[in-house]
Amino acid sequence: MKQAYTYLDEAHSIGAVGQSGRGVCELLGVDPADVDIMMGTFTKSFGSCGGYIAASKVYTTESKHIRTVALAPGKTALKIG
């Protein structure tokens, strides 16, 4: 396991920053593959709920802090219908 990780919080930038809205990596010309852990939310730019954590399989396997929660049924119905 690495001694340190590169962590990028895209909570306020995904969908809003960068020429096509792909966040800080696009804005600064950083390859997302060079970021160990990336997180963001769907609440701000996308008008939904929830979020994401993207990381390598090695990190997610070793971490005991990753959680997942399903969308509320009402929100799911609004998005589908």
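Is Ser 13 buried or exposed? That was my opening entry for this predicted model. I looked up the relative accessible area of Ser 13 and got 7%. The cut-off for buried is under 20%, so Ser 13 counts as buried.

Next I checked where Ser 13 sits. I found Ser 13 in the loop that links strand 1 (7-9) with helix 1 (24-28). Then I asked which residues Ser 13 touches once its neighbours within four places in sequence are set aside. I noted Gly 23 and Val 24 as the contacts of Ser 13.

I traced three strands in an open sheet, in the order 1-2-3, and wrote down the pairing as mixed. Strand 1 and strand 3 (51-55) are the edge strands, each pairing on one side only. For the twist from one strand to the next, I jotted down an average of 10 degrees.

How many bridges join strand 2 (residues 37-41) to strand 3? I got five, and the two strands run antiparallel. I also looked up the bridge partner of Thr 41 in strand 3, and Gly 51 came up.

Last stop: Asp 36. I placed Asp 36 in the loop between helix 1 and strand 2. Its relative accessibility is 18%; with buried set at under 20%, I therefore put Asp 36 down as buried. I then looked at the side chain of Asp 36 and found one of its polar atoms 2.8 Å from the backbone nitrogen of Thr 6.

Methods: Residues are numbered from 1 along each chain as its sequence is written. This is a predicted model: local features need pLDDT of at least 70, side-chain atom pairs count only at pLDDT 80 or more; totals for chains, interfaces and linings use all residues. Side-chain values use heavy atoms; hydrogens and water are left out. Helices (H or I, at least four residues) and strands (E, at least two) are DSSP runs, numbered from the N terminus. Buried means under 20% relative accessible area, exposed over 50%, partly exposed in between (1.4 Å probe, protein chains only). Contact means heavy atoms within 4.5 Å. Two strands pair if DSSP finds at least two bridges between them. Axes are lines fitted to C-alpha atoms, for helices over the stretch in contact, and angles run from 0 to 180 degrees between N-to-C directions. A polar contact is a pair of N or O atoms within 3.5 Å; within protein, one must be able to donate a hydrogen and the other to accept it, and residues adjacent in sequence count only if both atoms are side-chain atoms.
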